[in-house]
Amino acid sequence: NQGCVKSTINLWEFEVKQSDFVVVMPGTFIQIREISPDTRISFIGFSSKFMQNNNFLKSMSKIAMPLFRNPVLTLEPETSELYSDAMSLLARARKKKRCPITPSVIKSIMDIFVESLSEVVAKQKVQNKRESQSREHAVLSEFLQLAFENYREEHKVSFYAHEVNLTLSHFCNVISKTTGMTPQEIIMNMIIMDAKTQLKGSDATVSKIAASLGFPTPTTFTRYFRTYTGMTPQAYRHS
């Protein structure tokens, strides 16, 4: 909630400034590109197990897609201060030996944040002309959801064109028009970002990573990774 952070979230570039609130949902890809020395961030996180047990995705269903495309919400200064105070209070309570924050309390806290975010998203959708309800944006939303669910198994653009019930050429034109990227570039970015995360954040072998991303052999994966990054997976892991 202070300073400036330039990042890429789900393939789009954002500049996060003071009073901004960033929602990082399960499956989000985020890369920090630049961060100012005066940056100070307050955050609250929920474990994947907790979210699964409490059907997090169902509670977020109404705002999941808007937040996927625009995860950086600009809050009014007073609202931002309230969010920061709430997080500070939770942090203080968590440090107490007899912590009163039970799973049921955490569920209530999550529900409060979700409800509050729903109101913020609703207001910003009215103000944000980019949130067009055109057919093009509907196709983009459907494609992005499908891509995040299937990019590990389905690398071919034709699969996604078929799923959204468009010809391949029309589908490619719509995605390029609305994002400035081809569908293949978007799928490639998801695969490469996932691969980089696994290479840097785990001890999984290149063979296991290749298999998890739908490549028939480690050699095929290595060739694909080098084509788009200029280095082999092993070289990236040790860079």
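Some ground rules come first. Residues are numbered from 1 along each chain as its sequence is written, and side-chain values use heavy atoms, with hydrogens and water left out. Because the model is predicted, local features need pLDDT of at least 70 and side-chain atom pairs count only at pLDDT 80 or more, while totals for chains, interfaces and linings use all residues.

Now the whole chain. Its secondary structure comes to 12 helices and 5 strands. Helices (H or I, at least four residues) and strands (E, at least two) are DSSP runs, numbered from the N terminus. Of the 239 residues, 38% are buried. Buried means under 20% relative accessible area, exposed means over 50%, and partly exposed lies in between (1.4 Å probe, protein chains only). The accessible surface comes to about 14,600 Å², and carbon and sulfur atoms hold 53% of it. Those areas come from the Shrake-Rupley method with a 1.4 Å probe; for residues, only the protein chains shown count as cover. Take the contacts in the chain with a separation of 6 or more: residues 24 or more positions apart account for 67% of them. Contact means heavy atoms within 4.5 Å.

Back to the strands. An open sheet is formed by 3 strands in the order E2-E1-E4, with antiparallel pairing. E2 (12-16) and E4 stand at the edges with a single partner strand each, so one side of each has no neighbour in the sheet. From one strand to the next, the twist averages 25°. Two strands pair if DSSP finds at least two bridges between them. Strands of a sheet pair through backbone hydrogen bonds, either parallel or antiparallel.

E1 (residues 5-9) pairs with E4 over 5 bridges in the antiparallel sense. E1 also pairs with E2 over 5 bridges, again antiparallel. On the E4 side, Ser7 has Ile32 as its bridge partner. Ile9 has Ile30.

How many of the 5 residues of E1 are buried? The number is 4, so E1 is largely enclosed by the rest of the structure. Strand E4 (residues 30-35) has 6 residues, and the number buried is 0, so E4 lies largely in the open.

Next, follow the loop between E2 and strand E3 (20-22), where Ser19 sits. Ser19 has a positive phi of about 75°, although it is not a glycine. Most residues other than glycine have a negative phi. Ser19 is buried, with a relative accessible area of 12%. Glu81 is 62 residues away from Ser19 in sequence, yet the two are 7.9 Å apart in space, C-alpha to C-alpha. Glu81 lies in helix H4 (residues 77-95). Its relative accessibility is 51%, so Glu81 counts as exposed.

Asn165 also has a positive phi without being a glycine, at about 65°. Asn165 is found in the loop between helix H7 (157-163) and H8. Its relative accessibility is 68%, so Asn165 counts as exposed.

That loop leads on to a helix pair. Helix H6 (residues 135-150) and helix H8 (residues 168-179) pack at an angle of about 100°, their axes 9 Å apart. H6 and H8 are therefore roughly perpendicular to each other. On the H6 side, the contact is made by Glu136, Val139, Leu140 and Phe143. On the H8 side, Phe171, Val174, Ile175, Lys177, Thr178 and Thr179 take part. By class, the residues of this contact are 6 nonpolar, 2 polar and 2 charged. Ala, Val, Leu, Ile, Met, Phe, Trp, Tyr, Cys and Pro count as nonpolar, Asp, Glu, Lys and Arg as charged, and the others, Gly among them, as polar. Axes are lines fitted to C-alpha atoms, for helices over the stretch in contact, and angles run from 0 to 180 degrees between N-to-C directions. Angles under 35 degrees count as roughly parallel, over 145 as roughly antiparallel, 65 to 115 as roughly perpendicular and the rest as oblique.

Last, Thr222 in helix H11 (residues 218-229). Is Thr222 buried or exposed? At 15% relative accessibility, Thr222 counts as buried. Leaving aside neighbours within four places in sequence, Thr222 is in contact with Val206, Thr232 and Pro233.
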